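I opened my notebook beside the model and looked things up one at a time. Here are my entries.

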Amino acid sequence: MRISKIGEQWAHGGGAWLNRHSNVRTGMIIASIIFIIVSLWASDRLVTRMAEAERLNMEIWANATQATTTNDINTTLIYLSRILQSNPSIPTIITDKEGRIISYNNIELPKEDTEKFLYQKLAAFRTGYPPIIMEGLTDPLYLYYSDSKVLQQLHIFPYIQLAVFFLFLGVAIVALVSLKKSDQNRIWEGLARETAHQLGTPTSSLMAWKQYLESTGTEEMVTNEMEKDIERLGIIADRFQKIGSSPNLKSADLQEVVLRAIHYMQPRISPQVELIPPTSQDEAIVVKLSEPLMAWVFENLIKNAVDAMEGKGKITLQYILKDQWVYIDVTDTGRGIPRGMHRNIFRPGVTTRQRGWGLGLSLARRIVEDYHRGHIYVKHSELGVGTTFRIELRREME
């Protein structure tokens, strides 16, 4: 009764913990979007103001030229050049009404084909800002210009700023996820080792009681069943001890591990559940594994399948060999899992059962992916039809 209550609290607390972290992530995303929008808006305003200032400078220079009272084009250009010398950064080109280049400023020319280069620059300037027309001369002149180097750099600056922001944001997220995973690992390891330690005391006590009952002439059937339970407690303690540290992986035939797990579960599930073992392969499926932990994975999947079918249905296991991998599919005829929960179902505290702990599949994923470098996921699920879990393990080839 107490264990059931703890399970309910764990499931409720785990869900609340996930909701809190989900809210934190949502808040971070919203804050990041606001920061990006404000940053881009501020940079855009700065660029716009500088562009307006440069346009105003060009108009001032043009107006100064128009104020010239002489019609001598050479004198006008000399006066205009002196004005443009006060602008060391804005590239400019002055043309006549026929489009011939009369003067230019702040343009670095190549060693060859300078004229061709200037007209290419002029064509580029024409696609940008509209020219400033300088009236009051014999013929109007046209002042074309482009952004200064400073303004060009400011155009690029928001994107650099955005890239740097995303870089830091990515680093922060990776650090947060790593820290979170590290904390979870420490909790798992501490919980597992403490559980293994706590199981040691009652197991030792039961062994002593078994010996006492044997000495008093208690019926042999009672002590034999008691011995089986003690052995089972020892296996459970060993599993928790292994999951709390790096397990020692050994080469073994996966088929034998699966069959032993099925034989253990068969008498412990509803007789209305048909448990169909996988077809035996001609060759051994050699995988480096920890048998106590991998057997735990299959037991958890079978238990979940029985719960999903409410004690009535069919569970089918199947091997699929592909290159250096072996796929083990566990298919039930239960109620199915909603698509939105296919990934979340492996997170601690998430369960489809009303009185579930939400730990079985989380333990299974930790064992398969962290310890055996494999994969476990929901291959297919349809509501009211059933679910297929797939485990992928790398096998040893001769």
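Entry 1: I call a residue buried when its relative accessible area is under 20%. The model is predicted, and I kept that in mind throughout. With that cut-off I checked F346, and F346 is buried. F389 is buried too. F346 and F389 form an edge-to-face aromatic pair, with 6.1 Å from centre to centre and 90 degrees between the planes. F346 sits in the loop between β9 and α8, while F389 belongs to strand β11, so the pair ties together parts that are 43 residues apart in sequence.

Entry 2: Y129 lies in the loop between α3 (114-126) and β3 (132-134), and Y145 lies in strand β4 (residues 141-145). The pair therefore links parts that are 16 residues apart in sequence. Y145 has 2% relative accessibility, so Y145 counts as buried.

**Entry 3: the sheet.** I traced an open sheet of five strands. Their order is β6-β8-β9-β11-β10, and the pairing is mixed. Which strands stand at the edges? They are β6 (273-276) and β10 (375-382). Each has a single partner strand, so one side of each has no neighbour in the sheet. From one strand to the next, the twist averages 15 degrees. I also followed one pairing: β6 and β8 (residues 313-322) run parallel over four bridges. Within it, E274 stands opposite K314 in β8.

**Entry 4: helices on the sheet.** I turned to what packs there. Helix α6 (residues 254-265) lies across β6, β8, β9 (325-332) and β11 (386-394). The angle between α6 and β8 is about 175 degrees. Helix α8 (residues 360-371) also packs on the sheet and touches β10 and β11. The direction of α8 makes about 135 degrees with that of β10.

Entry 5: I tested the length of helix α7 (residues 291-308). At 1.5 Å a residue, its 18 residues should span 26 Å. The end C-alpha atoms are 26 Å apart, so the two values agree. Of the 18 residues of α7, 13 are buried, so α7 is largely enclosed by the rest of the structure. After α7 comes E310, with a positive phi near 55 degrees.

Terms used
Residues are numbered from 1 along each chain as its sequence is written. This is a predicted model: local features need pLDDT of at least 70, side-chain atom pairs count only at pLDDT 80 or more; totals for chains, interfaces and linings use all residues. Side-chain values use heavy atoms; hydrogens and water are left out. Two strands pair if DSSP finds at least two bridges between them. Helices (H or I, at least four residues) and strands (E, at least two) are DSSP runs, numbered from the N terminus. Axes are lines fitted to C-alpha atoms, for helices over the stretch in contact, and angles run from 0 to 180 degrees between N-to-C directions. Contact means heavy atoms within 4.5 Å. The expected span of a helix is 1.5 Å times one less than its number of residues. Buried means under 20% relative accessible area, exposed over 50%, partly exposed in between (1.4 Å probe, protein chains only). Rings of Phe, Tyr and Trp (its six-membered ring) pair if their centres lie within 6.5 Å; planes under 30 degrees apart count as stacked, over 60 as edge-to-face and the rest as tilted.
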